[in-house]
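Have the structure open as you read.

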Amino acid sequence: MKHMSRDVYISIIFLIISILVFSMSLNMQALTTSAVGADFLPKVIAILIFVLSSYFLIVSIKNPVGNVVDDTDEMEEINDSDESKKFTRVLLTGLLMIIYVFLINFIGFILASILYLTVQMVLFSSVTKRNIIVYLLISIVTSVFIYFVFRNIFYVMLPSGILG
Amino acid sequence: MFELLLDGINSVFTFKIILLIVAGVFLGLVFGSIPGLTATMAIAICLPITYGMDSVAGMSLLMGLYIGGVSGGLIPAILLKLPGTPSSIATTFDGYPMAQKGEAGKAFTYAITASFFGGLISIIALMLIAPPLGRVALQFGPFEFFAIVVFSLTLISSLSGDSIIKGILAAALGIVFGMVGSAPIDAFPRFTFGFDSLDAGFDLLPVLIGLFAVSEILITAEQKVKNNKKKKMNKIQYRVKLKEFLSQKWNFLRSTLMGLGIGILPGIGGGTANIIAYATAKNVSKTPEEFGKGHPGGVVASESSNNAAIGGALVPLISLGIPGDTVTAMLLGGLVLHGLQPGPMLIQNHGDVVYGIFAALIIANVLMALFLFLGMRVFVKLLSIPQQILLPIIFILCVVGAFGVNNRIFDVGSLIFFGIIGYFMIKGKVPLTPLVLGFILGPILETNLRRGLMLSEGSFVPFLTEPIAAVFLLLTVFSIGLKLFMNYRKKVSG
Amino acid sequence: MKNRFLLVMLTVLFTVLVACSNEGAESKKDGDSSDYPNKPIEVVVPVGAGGDTDLNTRITAKYLEKELGDSIVITNIEGSGGSTGIKEVLSKKPDGYTALAYHNAMLVNNIYGLADYTAEDFKYAGIGILDQSNTFLVSEKSEYKDLDSLIAYAKENPGKVKVATEVGAMTHLQILEFQQKTGVEFNIVDAGGASEKITALLGGRVDIVPTSLGLVKDYVESGEMIPLGVIAEDRLEGAPDVPTFKEQGVDMAIDKVFYWAFHPDTPDDVIEVFSEALEKVAENEDFIEEIQKNMLTSQFYSSEETKEKLNEITEHDKEVYDNQ
């Protein structure tokens with residue numbers, strides 16, 4: 001069952017993409033005279049995606065079982081009953097990454113990285129095996145080390161933020 | 001010619017230059033092995049240092065970095081399923097499954113050997129036939145490039161996993177992402193939603209590392225990391241029987257030649273060579289179903305082609321002064337700053353430097369294999385670092401690498417964006433590789449289509465009548481036909 | 001045990017690094033321009049590494065470091081005809097530690113409506129290098145080897161002569177101006193950047209490639225390519241045999257200027273320091289000799305002169321563009 005709904009979602013997402021791409025390419029004008037302009041390939045690709053994803057949608061609705069048979073790791077997923085808990089963890093990690101990038105700009109690479117590393121390591125590890133002090137130490141050392149190596153030896157100007 | 005090479009070897013056999021090559025190969029391997037850091041970056045960083053050296057010394061360092069940087073990618077590809085550089089994407093397909101089966105050592109042996117000989121053959125080709133090869137490359141204009149790209153895109157079908165439709169959709173999505181930013185030729189901004197930062201489009205590196213590395217980190221985040229403490233490391237088998245090697249000889253030779261050829265064509269480069277060689281190896285194989293499950297042939301195809309692309313990329317640079325990608329563009333800069341103008345006269349006017357470069361390449365190639373063979377037992381230990389510590393650090397390095405591309409936070413943002421897309425694609429079983437192929441080849445396709453139409457004043461006819469273009473388009477039709485026929489036969493018989 | 005050892009090692013490493021960083025931090029006092037520069041200056045080159053902009057900037061930077069007494073870090077920020085890098089410079093702090101090194105192409109972006117900044121949006125430290133070696137190249141097999149025969153041929157075959165350019169680049173305007181001044185009509189085709197244009201000419205796909213003579217001198221020496229003339233007031237010292245366009249009756253002269261620019265809010269005294277250093281570099285004998293190898297001329301323009309020069313170029317380019 002899960003298999004079916006997934007492919008249906010995928011084809012709907014692609015359908016939406018194709019419509020978006022096509023409608024956006026309607027406003028494109030060519031700045032030079034050439035046989036095909038900036039809007040040509042986007043339109044071709046949009047039509048291609050539209051046709052294929054429509055076909056795929058029909059197939060995946062008609063044939064819900066799909067090729068479940070050769071799906072070996074599907075078994076694992078079923079064993080792990082807590083799908084939503086899994087997704088929460090991924091969401092947290094994703095959010096953490098995004099916050100990290102914003103922080104780099106404000107408080108600089110070193111502080112943002114120390115924060116990110118420590119929190120991420122805690123997120124990754126199970127409660128019993130957590131050792132926050134070790135994580136914090138490792139985070140500080142790695143962040144400072146990377147920052148100085150790249151900034152002073154390789155001249156990659158990582159943002160220094162409030163420390164600079 | 002042989003004497004010249006001996007002179008070249010003599011000129012680099014000074015303590016200082018050998019040391020520089022050693023340092024270059026080592027640093028290159030480090031950069032190559034860290035996802036997010038690449039040979040391009042290593043060379044960009046070290047280029048200014050070489051200005052103070054004499055030209056042979058400076059170029060020797062850069063050659064060491066180049067070879068090391070391309071080769072280092074195989075380490076995380078095999079051990080962690082993270083391609084260290086664009087050149088080692090396809091190495092993950094079979095290298096990682098081999099490691100999962102406990103054959104990490106064997107995978108390394110295959111990969112390093114293929115890298116070494118692939119690199120060696122391409123360097124020899126560079127030395128012997130660079131000028132005629134370079135002239136062949138000149139014959140490739142917009143019509144030819146268009147046809148080659150169309151042909152390469154048909155390989156998506158063998159990289160699509162269980163569903164060809166999903167593969168094509170992924171490739172189309174890749175082309176869409178490739179269209180973001182200023183359109184080729186007239187620079188009309190497309191799909192930028194009014195954001196200035198999107199004008200330049202997405203850079204390949206953040207897209208790639210996001211899709212393959214960040215998404216893996218997100219997948220890992222699903223579970224709390226179980227401490228997979230040392231899976232009996234000492235039992236790892238490194239030895240590969242000569243017979244097993246020899247069974248890959250045709251695969252090796254074909255992949256090497258493909259890498260060399262793709263390397264020579266300006267603009268396509270090592271990032272695609274390994275994917276295309278892999279797909280071809282799978283297509284030609286009698287047991288294509290074994291690929292992706294730890295078939296040594298996949299590792300050999302990927303690693304021999306990416307190292308062969310090095311020699312290939314240097315062909316137009318040395319013989320014509322034409323750089324095919326960012327790395328060779330920087331090498332060109334390095335040469336010019338030393339007062340050497342790469343071009344048809346370079347070998348005549350500065351034969352000493354050119355043969356010095358060749359000698360440095362050969363030495364760097366040997367050192368690369370040596371370092372990797374000596375180091376592989378150490379690399380495997382990498383796995384004993386707890387994942388909850390290793391992965392966050394790798395992510396930080398990805399961020400640094402993405403930032404280093406253009407010194408913009410924007411690229412770090414796109415790294416995460418593509419990481420999230422990659423995660424959902426993996427969940428939806430939509431294959432990632434076609435997306436990458438579409439992303440790289442889409443702009444080349446469009447640029448050459450439009451340039452071709454400018455040349456032909458709007459006529460599509462030359463795309464079909466120019467001989468080289470016609471051959472590739474015929475091959476395309478043939479390979480699609482064959483695929484359809486095989487599928488049909490499969491359906492009828494089973 | 002092993003883990004503890006690792007921890008100790010890391011802590012030691014960390015303290016060493018902090019100690020080192022303190023040393024560096026002491027001399028860092030931002031906002032005070034009297035001791036400028038007191039830390040590395042980041043110079044943005046808005047095109048890729050290896051091209052002529054990048055090379056000229058790096059050569060100049062090598063000499064500038066000696067004059068300024070602090071290091072110069074060059075970062076290449078590529079994309080959309082330079083706009084990405086240029087906007088990056090405008091977004092940085094106006095403290096004189098981020099500079100832009102570029103050429104005429106910045107002005108072209110605005111003329112084509114691809115960017116909203118103009119020459120007025122920056123303060124300049126000056127110009128150090130002039131490239132007056134702009135030329136039209138043909139292959140050795142070409143039917144015309146000077147401008148007269150080219151014009152005659154092009155008039156007989158309107159729209160047949162294929163001229164390579166990158167739409168939106170400086171060379172595109174050169175071609176437009178040439179068409180306007182001579183009344184010929186070319187087939188202008190996009191062939192990409194400098195090296196791709198050379199490939200197209202060698203592969204016989206285009207007939208004329210406008211580029212800098214310094215970039216192709218090897219091919220001229222080998223005889224595979226022939227320059228139809230230099231688009232300059234006078235013949236070049238490095239190529240005395242190549243006549244100017246003016247000598248051949250086409251009134252065109254183009255200076256490609258390589259300038260150093262700063263955020264418009266940068267303090268004047270900071271720019272003055274940089275400007276003085278640049279002037280000294282431009283007079284340095286070694287520097288002059290080094291760039292002459294690439295057929296470039298060293299000439300210093302002060303801050304005001306630079307702005308004037310750039311405005312002059314903008315006006316000229318605009319006229320050409322509007323007349324098309």
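Which strands of chain C does helix α11 lie across? Helix α11 (residues 303–323) of chain C lies across β4, β10 (256–262) and β11 of chain C, and its direction runs at about 65 degrees to β4(C). Helices (H or I, at least four residues) and strands (E, at least two) are DSSP runs, numbered from the N terminus; axes are lines fitted to C-alpha atoms, for helices over the stretch in contact, with angles from 0 to 180 degrees between N-to-C directions.

Keep in mind that this is a predicted model, where local features need pLDDT of at least 70, side-chain atom pairs count only at pLDDT 80 or more, and totals for chains, interfaces and linings use all residues. Residues are numbered from 1 along each chain as its sequence is written, while chains are lettered from A and ligands numbered from 1 in the order in which they are written.

Now the sheet itself: in chain C, six strands make an open, mixed sheet in the order β2-β1-β3-β10-β4-β11. Strands pair if DSSP finds at least two bridges between them. At the edges sit β2 (72–76) and β11 (297–301) of chain C, each pairing on one side only.

On to the domains, whose bounds come from an automatic or database assignment: chain C has domain 1 (41–131 + 255–322) and domain 2 (134–248). Between them, 17 residues of domain 1 of chain C are in contact (C-beta atoms, placed from the backbone, within 7 Å) with 17 residues of domain 2 of chain C. Here α11(C) turns up again, giving the most to domain 1's side of that contact, with three residues.

Technical notes: Two residues are in contact if their C-beta atoms, placed from the backbone, lie within 7 Å.
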